[in-house]
Amino acid sequence: MKTKLFRDIGYLVFILLALSSCVNEMDMVEDEQELETGISRSYPADTWTKYLINYEGSTQDKYALAKVENCLEYLYRFIPDIQYVVDHLITRGLKVRIKVSNVPGGSNESWYNPSYPPEIGFNGEINITMGRVLHELLHMFSFNTYDSYRQELDLACEEYEIRVLTDLYMRRYFRSYSHKYQGMHSLNHDYNSYIAWLDEIINDSDYSVDNFVPKFKEFGVSWILDLKDAKMHLVDVLGYKPLLVRTLWFYKEKK
Ligand SMILES: [Zn+2]
């Protein structure tokens, strides 16, 4: 009886040892892959990003792709509104290619191109930052959500809503991360008041969309005069009606 018990325990120990060596081997394979690609993954390979990224048409630069995936992962993990945005896009089956090009002196640091197949692009790996990934993700969401933005009727309003929202999220959730603010040029004399306005919105839980609109127009005019882009019209900003910020930042007001 005792012999059988010892034999059974022996089998059990053998099975446990075999299992643990399998796990170690899997760890080793992963470590070797990371060494090979130079990429340290902070999350399992099998993530939700495969439902949003069209890998077939994307860049083959594994490092650049992993950088975009990491940004998306952080944005999704820490910003509840972005979880809503991503879930919404995935539920609708919308996917995007990730492109990286190198145009020396190119004016576009990043872009969202909605024509089929849609793509999010970055001018060089250096422009893959959380702020730029967030900005283009919001373009993808707004293009697929609002008719007036899809028809490019209010380019300046869409662009400025996205810039202000990106700055609000970056300042609220990633304050220690180096972020180039998009809603006002740092040399503009309105820069400090713009940053103070962001803080006011973030810190005042009662800040309403009605308070938001006049300030949006005021800073939007200052931004557009700096920009000097013929496609962005001052008159659009002056007639601004909140869309994206109402769905995302001020959504609580509708409840
Ligand atoms: Zn933009």
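1. Donors here are N, O and S atoms within 2.8 Å of the metal (3.2 Å for Na, K and Ca); water is not among the atoms, so sites may look incomplete. Four donors count as tetrahedral if all angles lie between 85 and 135 degrees. Four count as square planar, and six as octahedral, if opposite donors are over 155 degrees apart and all others between 65 and 115; anything else is irregular. The four donor atoms around the zinc ion subtend angles of 53 to 136°, so the arrangement is irregular. The donors are His135 (NE2), His139 (NE2), Glu159 (OE) and Glu159 (OE), at 2.1 to 2.7 Å from the zinc ion. Along the chain, these donors follow the spacing H-x3-H-x19-E. His139 in helix α5 (residues 130-143) and Glu159 in helix α7 (residues 155-173) link distant parts of the chain, 20 residues apart.

2. **Basis of the model.** This is a predicted model: local features need pLDDT of at least 70, side-chain atom pairs count only at pLDDT 80 or more, and totals for chains, interfaces and linings use all residues. Residues are numbered from 1 along each chain as its sequence is written, and side-chain values use heavy atoms, with hydrogens and water left out.

3. **Overall fold.** The protein chain has eleven helices and three strands. Helices (H or I, at least four residues) and strands (E, at least two) are DSSP runs, numbered from the N terminus. In sequence order the pattern is α-α-α-α-β-β-β-α-α-α-α-α-α-α. Contact means heavy atoms within 4.5 Å. Among contacts between residues at least 6 apart in sequence, 64% join residues at least 24 apart.

4. **Burial and surface.** Buried means under 20% relative accessible area, exposed over 50%, and partly exposed in between (1.4 Å probe, protein chains only). Buried residues make up 43% of the 255 residues in the protein chain. Accessible areas come from the Shrake-Rupley method with a 1.4 Å probe; for residues, only the protein chains shown count as cover. The accessible surface of the chain comes to about 14800 Å². Carbon and sulfur atoms account for 56% of that surface.

5. **Salt bridge between Lys67 and Glu125.** A salt bridge is a side-chain nitrogen of Lys or Arg within 4 Å of a carboxyl oxygen of Asp or Glu. By this rule the count comes to twelve salt bridges. One of them joins the side chains of Lys67 and Glu125 (2.6 Å, N to O). This pair links distant parts of the chain: Lys67 is in helix α3 (residues 62-78), and Glu125 is in the loop between β3 (119-123) and α5, 58 residues apart. Lys67 counts as partly exposed because its relative accessibility is 23%. Glu125 is partly exposed too, with a relative accessible area of 31%.

6. Arg132 forms a salt bridge with Glu136, the closest N and O atoms being 3.8 Å apart. Arg132 and Glu136 are four residues apart in helix α5, so about one helical turn separates them. Arg132 counts as buried at 14% relative accessibility. Glu136 counts as buried at 2%. A network of salt bridges links Glu109, Arg132, Glu136 and Lys180.

7. **Asp199 and Arg171.** The side chains of Asp199 and Arg171 meet in a salt bridge (2.6 Å, N to O). The pair links distant parts of the chain, with Asp199 in helix α8 (residues 191-203) and Arg171 in helix α7, 28 residues apart. Asp199 counts as buried at 17% relative accessibility. Arg171 is buried, with a relative accessible area of 14%.

8. **Around Met130.** Met130 is found in helix α5. Is Met130 buried or exposed? Met130 counts as buried, because its relative accessibility is 4%. Leaving aside neighbours within four places in sequence, Met130 is in contact with Cys71, Tyr74, Leu75, Met170, Phe174 and Tyr177. The C-alpha atoms of Met130 and Leu75 are separated by 7.5 Å, though the two residues are 55 apart along the chain.

9. **Nonpolar patch.** Patches are made of residues with over 30% relative accessible area and no salt bridge: like charges are joined within 9 Å, nonpolar side chains (Val, Leu, Ile, Met, Phe, Trp, Tyr) within 5 Å. Leu225, Leu234 and Leu238 make a nonpolar surface patch of about 270 Å². Leu234 lies in helix α10 (residues 234-238). Leu234 counts as partly exposed at 34% relative accessibility.
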